[in-house]
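The following questions and answers concern a single protein chain. Please consult the sequence and the model shown here.

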Amino acid sequence: MEDLPGRMTRPVITKQWGEWGRVIAVALVVFAVAGVAWGFFQPVTTGEVTDDLTAVSALSGEDAAVPTFGIYVIITAVLGVALAGWMFAAARRLRGPWGLAAAGILAFLGSAVFLVFGNFVTGHFRATDLSGDLTAGQQVTLVADVGMGTGLLVAPACALVVYWACALFSSDEAFEHTT
């Protein structure tokens, strides 16, 4: 039987790994919470079930999908800008090319998380369940699921530009790592 060393050591988590964990957690949580809020407040289409129960007529807000997508793009772009600025200002140990790449990747993932949470909230809390029994004249609420199209790339592009601009216009001392 081998003797155990006199002093047991634990694995050491460096400050840089802790910084990565904080940045990832904050980014994804902020995008998820914003997605939930967007889901509760996005535009919807309302209408009335026809007498023969085969269609919905008298639609209001028929073009709700267009402002919904626009609001998604604008909000995620603002969040991407805020994420990159915050990462550069608060996460000094992560500055450099890896920080730039992380800002873009986290903004991309954050946009996807935003969309998943927002579409879930809208579909479950705002839309009328059309699988049940409908009656003639019943008011229904229809929502458009926003797809992960090119809007998914807006936040990463904004984040990359902002992080790059922060790095470009900061002094060399900003890249000195503290222990």
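Q: How many helices and strands are there in the chain?
A: This is a predicted model, in which local features need pLDDT of at least 70 and side-chain atom pairs count only at pLDDT 80 or more, while totals for chains, interfaces and linings use all residues. Residues are numbered from 1 along each chain as its sequence is written, and side-chain values use heavy atoms, without hydrogens and water. Helices (H or I, at least four residues) and strands (E, at least two) are DSSP runs, numbered from the N terminus. On this basis the chain has 4 helices and 3 strands.

Q: Which face-forming residues of helix H4 are buried?
A: Buried means under 20% relative accessible area and exposed over 50%, with partly exposed in between (1.4 Å probe, protein chains only). On the other side of H4, Val 161, Trp 164 and Phe 169 are exposed. The buried residues of H4 are Ala 155, Pro 156, Ala 159, Val 162 and Tyr 163.

Q: Against which helices do the buried residues of H4 pack?
A: Contact means heavy atoms within 4.5 Å. The partners of the buried H4 residues are helix H2 (65–90) and helix H3 (97–126).
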